[in-house]
Amino acid sequence: MTARVELANAIRALAMDAVQQANSGHPGMPMGMAEIADVLWNEHLRHNPANPAWPNRDRFVLSNGHGSMLLYAVLHLAGYDLPLEELKRFRQLHSKTPGHPEYGCAPGIETTTGPLGQGVANAAGMALAERLLAAEFNRPELEIVDHHTYVFLGDGCMMEGVSHEACSLAGTLGLGKLIAIYDDNGISIDSEKGNIRQWYTDDVKRRFEGYGWQVIAGVDGHDVEAVNRALKKAKREKARPTLICAKTVIAKGAPTKANTGAAHGAPLGEKEIAATRQAIGWNYPPFDIPKPVYEGWDAKKRGAAAERRWKKLFSAYEAQHPQQAADFRRRMAGALPQDFRTRADTLGKEIDAKAETVATRKASQNALEALASWLPELIGGSADLAGSNLTMVKTSKVIGAEGGGNYVFYGVREFGMCAVMNGLALHGGFIPYGGTFLVFSDYARNALRLAALMKLRVIYVFTHDSIGLGEDGPTHQPIEHAASLRLIPNMQVWRPCDTVETAAAWVSAIERKDGPTSLLLTRQNTPFVKRSAEQAAAIARGGYVVSEAPVGVARAVVIATGSEVGIALEAQKLLTAEGISVRVVSMPSTSVFDRQDAVYRAAVLPHGVPRVAVEAGVTDSWRKYVGLEGAVVGIDRFGESAPGGELFSYFGFTPEKVAAAVKGVINN
């Protein structure tokens with residue numbers, strides 16, 4: 001047996017042993033892609049196990065994340081800080097080897113994968129980030145940004161719609177440093193024999209050629225020389241992304257379970273594992289890797305040498321271009337300019353002084369005009385609605401098939417857009433934002449969820465946030481969407497009421513480093529709200545008293561968000577005229593308000609005072625603030641097609657209706 005064969009067999013052994021010990025997992029893919037992983041990681045991938053985060057490393061994404069043991073095995077063998085004990089604890093509580101790769105859980109994991117197709121979309125975002133940073137920072141003979149993004153993907157990734165969206169966009173943008181390797185094993189779960197031809201007959205080669213990719217088809221995934229040649233050819237292509245179609249045998253080496261659906265998602269069993277060891281000539285106990293195999297995989301020396309070469313290059317760059325070098329360091333570290341907070345405070349005061357009555361989508365664009373001029377790391381985009389969600393500003397430069405830019409026309413690809421944004425954020429150097437109508441956040445939801453899970457700083461500009469969008473009707477009118485987004489753990493949601501709150505929401509989203517933010521913005525104009533400096537500062541706490549009870553102690557508290565704050569303030573006037581004094585609370589971000597200390601929350605929402613919540617959306621989630629004895633002026637049905645103003649009146653979003661609700665809770 002040659003040493004090269006043993007490098008691949010080490011992956012097979014670790015995969016089948018870890019899955020067996022966990023009595024759970026997917027051994028088939030790691031065993032089938034073992035040779036491909038060997039060639040990529042040992043012959044092509046530029047990485048340093050001692051410093052997994054150095055900026056000019058190649059990125060590797062395992063889009064078919066169920067085969068996570070392939071990645072864990074490779075990271076361990078290559079010398080990353082992932083001890084063998086962690087592989088033995090595969091899929092166990094608090095291990096560094098969960099069932100699917102999780103960003104931040106173990107060194108060398110570039111993104112969280114598992115929901116199929118999103119990994120390749122993340123990879124497209126990473127490749128786009130590399131090209132844009134190269135266009136911005138590289139200088140002749142000083143190319144400090146120059147690396148590839150590699151991704152493994154399987155049949156499931158190919159079937160999921162997000163792969164169509166992202167791969168089509170990658171071809172259109174000409175992401176030549178994106179190289180995908182398709183594990184074409186022809187096996188899935190829903191058949192006794194696993195053959196996917198019953199439900200998947202796509203011509204993958206022609207499909208990707210239609211996207212504008214270079215396709216290298218017919219590669220034997222178990223022939224290391226064939227794989228090596230394909231990767232070399234892929235790296236020579238500069239103008240197009242490359243798909244390598246590698247034919248493999250799932251669970252390669254298993255005498256009875258290779259090439260069967262049974263090997264996809266279940267342990268092989270002790271008897272089959274023993275027979276596999278004999279078949280592949282792996283005469284070692286479980287989790288025992290001989291020293292020559294470790295030596296063959298060890299990437300620490302060549303990784304350190306690669307990083308040293310880059311540091312030498314960067315030092316020369318820094319000497320000639322000190323300001324650009326400092327900005328590159330800052331951006332890759334995810335730090336904001338030192339004067340950001342001072343500028344943000346000034347912006348807030350300027351916007352307050354203008355006292356404009358505009359739609360909050362327009363208020364968003366106004367704030368973004370200033371923010372984008374300070375922050376070159378802001379990279380925007382829209383899912384074919386830039387003129388409606390107002391995400392383009394004067395500094396926006398549309399990204400084409402070559403060169404740089406800072407604005408992506410994603411086309412009608414909401415899911416792909418948000419998954420690509422995740423890749424941009426994961427790569428580093430950018431704060432991505434992207435826009436669409438709030439109702440279409442449903443299309444993108446799983447990418448939003450993964451952004452929250454990975455704690456990524458990405459910003460979603462969701463406009464046309466209620467029935468107020470009007471004539472497009474119930475298919476386009478969000479009802480449950482604000483509440484639905486608030487349910488995602490670690491998703492920060494803002495629904496501002498005017499220009500000042502909108503600017504504060506943007507600043508909060510940019511300053512936040514531990515998760516994504518959704519901005520829910522109106523199509524219709526909303527009135528400017530006068531407030532004190534103290535009140536303006538309190539916006540950052542998510543909820544605050546925007547108008548105190550005019551006389552004496554408040555008999556009730558009205559809580560409102562977005563365009564309904566104006567309605568609540570008008571209701572306060574009606575009630576005051578009747579001798580009923582109430583407090584109005586603007587709560588642009590329930591997620592931020594809920595993180596405040598109990599003393600502050602009680603100061604805003606005093607105990608024992610009846611409450612009424614007002615929002616043009618579903619009512620249930622507001623019960624945690626108003627209780628069963630309070631009232632919610634909301635909407636628990638789908639909308640209608642009519643002008644927005646008429647709909648607000650029809651569905652009871654009027655000062656009179658809010659005043660009546662207040663009287664109802666006071667008289668209970």
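**View 1. A salt-bridge network joins D465, R486, R495, E564 and E615.** A salt bridge here is a side-chain nitrogen of Lys or Arg within 4 Å of a carboxyl oxygen of Asp or Glu. This is a predicted model, so local features need pLDDT of at least 70 and side-chain atom pairs count only at pLDDT 80 or more, while totals for chains, interfaces and linings use all residues. Residues are numbered from 1 along each chain as its sequence is written, and side-chain values use heavy atoms, with hydrogens and water left out.

**View 2. R495 pairs up with E564 in a salt bridge, 2.5 Å from N to O.** The two sit 69 residues apart: R495 is in the loop between β11 (492-494) and α21, and E564 is in helix α23 (residues 564-577). Helices (H or I, at least four residues) and strands (E, at least two) are DSSP runs, numbered from the N terminus. R495 is buried at 1% relative accessibility, and E564 is buried at 0%. Buried means under 20% relative accessible area, exposed over 50%, and partly exposed in between (1.4 Å probe, protein chains only).

**View 3. D514 and R512 form another salt bridge, at 2.9 Å from N to O.** D514 is partly exposed, at 41%, whereas R512 is buried, at 8%.

**View 4. K300 meets D298 in a salt bridge, with the closest N and O atoms 3.0 Å apart.** Here K300 is partly exposed at 40%, and D298 is partly exposed at 29%.
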